Each structure stands twice: as C-alpha cells, then as structure tokens.
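User: I would like to go through a few of the labels used for this model and see what each one rests on.

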Amino acid sequence: MAKVSISNAIKRYGQTQVIHGLNLDIDDGEFCVFVGPSGCGKSTLLRMIAGLEETSEGKIEIGPLDVTHLDPAQRGVAMVFQTYALYPHMTVRENMGFGLKMNNTPKDQIAEKVAKASEILRLDDYIDRKPKALSGGQRQRVAIGRAIVRGPQVFLFDEPLSNLDAELRLEMRVELSRLHDELGTTMIYVTHDQVEAMTLADKIVVLRDGRIEQVGAPMALYDNPANKFVAGFIGSPAMNFLDADITASAVKTDGVTGLKTPTSLKARGKATLGIRPEHISVKKTGDWTVNLIEELGGVSYIYLTNKNGQKLTAESREHGKHKKGDKLSISFKMSDAHFFDPETEERL
C-alpha cells in the first residue's frame with residue numbers, strides 16, 4: 001500500500017499538450033476514480049502513473065519513491081485493462097501465476113499466492129478451467145487475480161468493466177468494492193460511467209480536457225458541484241439547466257413561476273439555474289408538454305418541453321399518473337437549486 005502524489009504533471013505528444021500541470025494526492029488505501037468524457041485525459045493520466053506513458057514534465061511519486069522516469073516493473077503497480085488478455089492455452093491457475101513464473105518466483109510461493117487470490121475472488125471452482133470455459137465476468141476476475149498475486153502497492157484499473165453486460169457490471173462493481181475492503185490497497189480506477197464512479201469511489205477526480213475540474217467524495221460532488229460541467233456530469237439523469245434572471249426579490253426563468261431569490265444569493269442579473277430531476281414536482285395543467293415517460297419500475301423519468309423549446313427531466317414515483325402529451329406545471333424548492341455564472345460556468 002502506498003500514497004500516490006502527482007505534482008505539476010504535463011503530457012505532450014509533439015507540440016500537442018493533453019495533460020496540463022495536474023496536481024493530485026491519492027491517500028494510502030484510497031479508492032480513487034478518474035471520471036470524465038471521452039478524450040478528457042483520464043486513461044493517459046493512469047498510464048503515466050503506470051509508466052506506460054512518459055511524463056513530459058512534473059513528478060509522480062508512489063510512497064516515498066519518485067517513479068517519474070522508472071520502468072513500469074519498478075513502480076510497484078499492477079494494471080487491469082479493459083481487455084482480459086488471458087492466455088487461451090493456459091488454465092486459470094497458470095494465467096494468474098504466469099507473471100511470477102517469468103520472474104523466477106519459487107513454485108511453492110506461486111502456488112500459495114495463486115491459492116490466496118483464487119479464494120479472495122471466488123475462483124476455486126474454475127481454477128483448472130481455460131478461459132474459453134469462463135464467462136466474461138469470470139475472465140475479468142482472473143485478470144484481477146493476476147494483478148493480485150503480484151502484491152502491488154497500487155492497483156490501476158482502466159475501464160475494466162466496459163466489455164461486460166449490465167448484470168455482470170453490477171456484479172463486478174460489488175466484487176471490486178469487496179476486494180478493496182478486503183485488501184485495503186490503494187486503487188485508481190478509470191471510467192466514463194459516472195454511476196460506477198459514484199458506486200465505487202472514496203474520492204472522485206472529474207477531468208475535462210486534461211485538467212481537473214473538481215476532486216471530492218461522491219456525494220460532496222453531487223451536492224456541491226464547483227461548476228456547471230461537474231453538475232451536469234455527476235448524476236443520472238443529468239441536472240437540468242434553465243436560463244434565469246436574478247433580481248433582489250425573484251428569480252425569473254422560462255416556464256417556472258413564484259421563485260423567490262434566496263437570501264444567501266448575492267448575485268444579480270443573468271445566471272444559469274440548475275435543478276436535479278428528483279427535486280422537481282409536477283402536477284396537471286401547465287405549459288410543459290410530456291414528450292416521453294421512461295418507466296423503470298419503482299421510479300419514472302418524465303421528459304418535458306415547453307413552448308420555447310426548453311427541455312427538462314423530472315423524476316416521479318407516481319406510476320401511471322401522467323402520460324405522453326399531458327400538459328404539466330413544475331415546481332421546486334429554491335433550497336435545492338444551484339446557480340452558475342453563464343460565462344465562466346463557475347458556481348455562484
């Protein structure tokens with residue numbers, strides 16, 4: 001186990017800079033998730049920590065060791081990729097122990113470490129099978145087992161669940177959370193799926209265009225986003241955004257009436273109002289037209305549009321009460337609203 005510290009890290013490909021002076025500390029034993037849209041730099045940053053990408057400037061430390069220019073094998077990390085990369089002619093036992101075998105580790109030590117990893121990952125029933133006889137989730141567990149037997153200080157996961165179906169992804173999220181609790185090892189995990197990030201992380205790092213937008217615990221980011229980008233990215237469905245005009249007494253916005261300006265809000269003039277779907281109440285008769293109702297069993301999502309083309313999503317737990325084409329009005333508490341500067345997108 002070890003702390004990971006990144007100081008002023010920059011990555012360039014020729015004249016193109018893709019990571020812009022990042023600073024980040026990941027505590028010993030922490031489960032840290034890098035999240036963001038495609039192309040934001042999350043996998044590049046992970047590969048820089050692993051040593052698979054050269055760090056153009058800055059410093060990366062794992063524990064007390066400066067690993068910025070060390071080979072991957074000297075960094076004390078183990079990486080699990082999106083693809084399982086298992087040897088098809090080897091059994092589960094042989095796949096998990098292969099790296100140790102190549103390092104001339106004694107056979108009894110290999111057997112002991114493989115047995116322990118197999119027990120942790122519940123692979124004992126499949127230990128002598130070959131990959132073709134395993135499900136996708138079982139293959140990914142073997143890939144994780146191969147990393148465990150190396151006894152790394154830091155585990156690195158690069159979108160390891162993206163090839164699995166929805167049910168297996170849920171199962172593997174539970175397994176990874178349990179694995180972290182059991183091993184207590186520092187884990188850094190890359191995903192574009194913010195549901196995975198919210199489920200697994202002790203700390204989330206939201207990235208955009210090679211820069212860190214915000215770092216914090218999942219619910220801290222959800223409840224107190226630093227800017228409009230984080231507010232819209234964290235949460236599913238995404239936060240709704242409405243153009244607003246703030247006066248001393250009222251907040252005026254398209255399709256919503258009766259909004260009083262919070263006493264804590266000192267800003268005046270144009271702003272962007274953000275409100276999450278679960279904080280919106282709907283009722284019959286209004287200016288919002290129901291375009292679609294997404295029924296998910298215990299909860300429904302109502303997709304609305306007003307006469308000016310403004311779109312909005314509301315959450316409902318009243319099954320069957322509304323239907324496509326209904327005209328509804330919406331309301332919400334101002335204590336649940338967020339306000340952002342329309343130019344800088346920073347939270348007001």
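**Labels and their grounds**

Analyst: This is a predicted model. Helix H4 is largely enclosed by the rest of the structure, because 10 of its 13 residues are buried.

User: Which residues of H4 are buried, and what do they pack against?

Analyst: The buried set is Gly-137, Gln-138, Gln-140, Arg-141, Val-142, Ala-143, Ile-144, Gly-145, Ala-147 and Ile-148. These residues pack against strands S6 (77-80) and S7 (154-158) and against helices H2 (92-102), H3 (107-120) and H5 (166-183).

User: How do you know that the end-to-end span of H4 agrees with its 13 residues?

Analyst: At 1.5 Å a residue, residues 136-148 should span 18 Å, and the end C-alpha atoms are 18 Å apart, so the two values agree.

User: Why is Thr-261 called buried?

Analyst: Its relative accessibility is 11%, and buried means under 20%, so Thr-261 counts as buried. Thr-261 sits in the loop between strand S12 (251-253) and strand S13 (269-275).

User: What lines the largest cavity?

Analyst: Among the lining residues are Ile-293, Glu-295, Ser-300 and Ile-302. Strand S14 (281-295) and strand S15 (300-305) each give two or more residues to the lining. By class, the lining has two nonpolar, five polar and three charged residues. The space inside is about 50 Å³.

Note on methods. Residues numbered from 1 in each chain as written. Predicted model: local features only at pLDDT ≥ 70, side-chain atom pairs only at ≥ 80, totals over all residues. Heavy atoms only, no water. Helix = DSSP H or I, 4+ residues; strand = E, 2+ residues; numbered from the N terminus. Expected span 1.5 Å × (residues − 1). Buried < 20%, exposed > 50% of the residue type's maximum accessible area, 1.4 Å probe, protein only. Contact = heavy atoms within 4.5 Å. 1 Å grid on protein atoms, 1.4 Å probe; cavity = no way out; pocket = protein on both sides within 12 Å on 5 of 7 lines; lining within 4 Å. Points joined across faces, edges and corners; volume = space filled by probe spheres on them. Nonpolar A, V, L, I, M, F, W, Y, C, P; charged D, E, K, R; others polar.
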